[in-house]
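Work through the exercises below with the sequence and structure at hand. Each task is followed by a stepwise solution.

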Amino acid sequence: MYSTAAGRKILAALAFADPMSGSAGESYSRALGVEKYVKPEFLKGRTVSRAVVEEKKRENRIRATGFSVVRWDWADLKEPGKLERMLAAAGVPRRRARSAELDPRKSP
């Protein structure tokens, strides 16, 4: 038997679930993209518009240091290779596959 709090979390997870999700990464990105604009613990007393303005200012400060900012939503993740292209365009280097790193037949 689950506690009432656990039951609410389970029901919330089921309501949020999307059978069209192609991967855990898609679900994770979708959850983080929307949650920060609607949950009080992320808004910390701010209005949604204030949170968006502050986020934009933060991104501008990051860009001013020479770094790129890449934004995506779960729809971008549904198109094969789109996120990879977006990250590559921003200069994010590809990491070697872990299986290649562990394969003793492959030399560095």
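Predicted model: local features only at pLDDT ≥ 70, side-chain atom pairs only at ≥ 80, totals over all residues.

**Exercise 1.** Which residues are linked with Glu55 in a network of salt bridges?

Step 1. Apply the criterion: a side-chain nitrogen of Lys or Arg within 4 Å of a carboxyl oxygen of Asp or Glu.
Step 2. Read off the network: Glu55, Glu59, Arg63 and Arg71.

Residues are numbered from 1 along each chain as its sequence is written, and side-chain values use heavy atoms, leaving out hydrogens and water.

**Exercise 2.** Is glutamate 55 buried or exposed?

Step 1. Glutamate 55 has 13% relative accessibility, so it counts as buried (under 20% relative accessible area; exposed is over 50%, partly exposed in between; 1.4 Å probe, protein chains only).
Step 2. List its contacts (heavy atoms within 4.5 Å), leaving aside neighbours within four places in sequence: Lys36, Tyr37 and Arg71.

**Exercise 3.** With which residues does glutamate 54 form salt bridges?

Step 1. Arginine 46 meets glutamate 54 at 2.5 Å, N to O.
Step 2. Arginine 50 pairs with glutamate 54 as well, the closest N and O atoms being 3.5 Å apart. Both lie in helix α4, 4 residues apart, about one turn of the helix.
Step 3. Check accessibility. Glutamate 54 is partly exposed at 31%. Arginine 46 is partly exposed at 27%, and arginine 50 is partly exposed at 37%.

Definitions and conventions
Helix = DSSP H or I, 4+ residues; strand = E, 2+ residues; numbered from the N terminus.
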